Amino acid sequence: MTTVQKIKEIEDEMARTQKNKATSYHLGQLKAKLAKLRHELIDPKSGGGGGGGIGFDVARTGVASVGFVGFPSVGKSTLMTRLTGTHSEVSEIEFTTLTTVPGTLKVHGAPIQILDLPGIIEGANDGRGRGRQVIAGIFFSNSQKPQRLPIIPSEPVARTCNLIFIILDVLKPLGDKKIIESELEGFGIRLNKKPPAIIVRKKDKGGIAITNTVPLTSIDHDEIKAILSEYKIANADVAIRQPNATADDLVDIIEGNRVYIPAIYVLNKIDAISIEELDLLYKIPHSVPISSKEWLNVDELIERMWHDLDLVRVYTKPRGAAPDYSAPVVLRQGKCTVQDFCNAIHKEIAKQMKYAIVWGSSAKHARGQKVGLDHVLEDEDVVHIAKK
Ligand SMILES: Nc1nc2c(ncn2[C@@H]2O[C@H](COP(=O)(O)OP(=O)(O)OP(=O)(O)O)[C@@H](O)[C@H]2O)c(=O)[nH]1
Ligand SMILES: [K+]
Ligand SMILES: [Mg+2]
């Protein structure tokens, strides 16, 4: 049996099994088995399975990257071309874009890399357009009726993007949203989600000890034990602080290779629908309706992109001069200390620094605060580096 067939068999069995006290151990086992098979599928080195994720080589530029994911002809290249000025072929013919096309968009002084990706394929695994080497794997949707969903590997790029635009054509069925979501999920990508607050600490002996600071509403002890046992973990402390933690959350923590990426659903082609239809679209969470062709609401999309990228702009202030607001040093949240700021300018600067003076929201006083390399900067801070 192939990995894909095994996955289908387990999904069928899970769909047939009612969740209750008597079945929860078994369901936990199935969940873990399924996750292990999916793992094989995207990482064939770990045993058996379908095609590996061969990506497209793209040089990373800019301070952050945004990847465009979607079915063919939803308007990815139209948007990319108009946003960045970099030409990416547009046509009504599906699979026009055959490789990743990078471009740059400057937002609030920060160069953002935009990656126009080939369309995700739904349907027979015939390698249309670019052949097998670009087909990352064969997946099944998580729906009750499993279907064959080969896709193009947006994955290796998507995995490393700081933000994903899931581009949808508002003239096509909204079910496409769900299909793309489960494709990305199958690759271990979690959209608009934080890592679950669950800790599994392995021990040498003592069996399984479960503690929870929140009520367990969607998982029980039997299911937890089944999952751990499927991963051959016999001794561990499990601490659950995640409200409504699920078996999938626990599996994600044990598998450990998940990536958590913010996503915006870009609902394109609103020029072709009525105002009433547009009102309904606004109810979809994390979405921005636009028209790439007529340039409607694209400003809102760019602002949302900026917000979700969560970047930190820091302005340099030379001694006795005004800050240079034209060229911010752009840092990422979580990597925005004075040390990171120095390193972003030149690797020697941190060594030469005696102290720094910071103005802005991270500073204690308006007249500026004297700080060291560990100080964490905030968006739009101004920094002066005093040298030794
Ligand atoms: N009405 C309308 N048509 C659009 C819009 N954006 C793109 N299109 C049309 O949709 C078709 C597909 O556009 P592309 O930009 O090539 O789509 P794509 O997603 O890059 O397609 P692939 O590269 O084949 O995956 C073209 O005929 C575009 O002119 C829009 O906002 N409104
Ligand atoms: K197209
Ligand atoms: Mg295209």
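Which residue with a positive phi follows helix 6? Lys232 does, with a phi near 60°. The notes below concern a predicted model, in which local features need pLDDT of at least 70 and side-chain atom pairs count only at pLDDT 80 or more, while totals for chains, interfaces and linings use all residues. Residues are numbered from 1 along each chain as its sequence is written, and chains are lettered from A and ligands numbered from 1 in the order in which they are written.

1. Overall content. The protein chain has 11 helices and 18 strands; helices (H or I, at least four residues) and strands (E, at least two) are DSSP runs, numbered from the N terminus. The chain has 388 residues, of which 36% count as buried. A residue is buried if 20 or more other C-beta atoms lie within 10 Å of its own, exposed if 12 or fewer, and partly exposed in between, with C-beta atoms placed from the backbone. Of the contacts between residues at least 6 apart in sequence, 65% join residues at least 24 apart. Two residues are in contact if their C-beta atoms, placed from the backbone, lie within 7 Å.

2. Helix 6 and helix 7. The axes of helix 6 (residues 221-230) and helix 7 (residues 247-255) come within 10 Å and cross at roughly 30°. Helix 6 is therefore roughly parallel to helix 7. Axes are lines fitted to C-alpha atoms, for helices over the stretch in contact, and angles run from 0 to 180 degrees between N-to-C directions. Angles under 35 degrees count as roughly parallel, over 145 as roughly antiparallel, 65 to 115 as roughly perpendicular and the rest as oblique. The crossing of the two helices is right-handed (the near helix is turned clockwise from the far one by less than a right angle).

3. The contact between these helices. Helix 6 contributes Glu223, Ile224 and Ile227, which meet Ala247, Leu250 and Val251 of helix 7. By class, the contact has five nonpolar residues, no polar ones and one charged. Ala, Val, Leu, Ile, Met, Phe, Trp, Tyr, Cys and Pro count as nonpolar, Asp, Glu, Lys and Arg as charged, and the others, Gly among them, as polar. In helix 6 the buried residues are Glu223, Ile224, Lys225, Ala226, Ile227 and Leu228. In helix 7 they are Ala247, Asp249, Leu250, Val251, Asp252 and Ile253. Gly256 follows helix 7 and has a positive phi, near 75°.

4. Ligand 1. There are 24 residues around ligand 1, and Gly75, Ser77, Thr97, Gly119 and Lys293 come nearest. A residue is near a molecule if its C-beta atom, placed from the backbone, lies within 6 Å of it. The shell divides into six nonpolar, 12 polar and six charged residues. Helix 3 (residues 76-84) supplies the largest share, three residues.

5. Leu79 is in helix 3 and counts as buried because it has 27 C-beta neighbours inside 10 Å. Leaving out residues up to four places away in sequence, Leu79 touches Ile167, Asn268 and Ser292. Leu79 and Trp295 are 216 residues apart in sequence, with 8.9 Å between their C-alpha atoms. Leu83 also has its place in helix 3, and Leu83 is buried because 22 other C-beta atoms lie within 10 Å. With residues up to four places away again left out, Leu83 touches Leu105 and Ile114. The C-alpha atoms of Leu83 and Leu105 are separated by 6.4 Å, at 22 residues along the chain.

6. Positive phi in two loops. Most residues other than glycine have a negative phi. His286 has a positive phi near 60° and lies in the loop between helix 8 (275-281) and strand 13 (287-289). Asp310 has a positive phi of about 55° and lies in the loop between helix 9 (298-309) and strand 14 (311-316). His286 counts as partly exposed because it has 14 C-beta neighbours inside 10 Å. Asp310 counts as partly exposed, with 14 C-beta neighbours inside 10 Å.

7. Lys387. Lys387 belongs to strand 18 (residues 381-387) and counts as exposed because it has 10 C-beta neighbours inside 10 Å. Apart from neighbours within four places in sequence, Lys387 is in contact with Gln352, Met353 and Lys354. The C-alpha atoms of Lys387 and Ala110 are separated by 27 Å, and the two residues are 277 apart along the chain.
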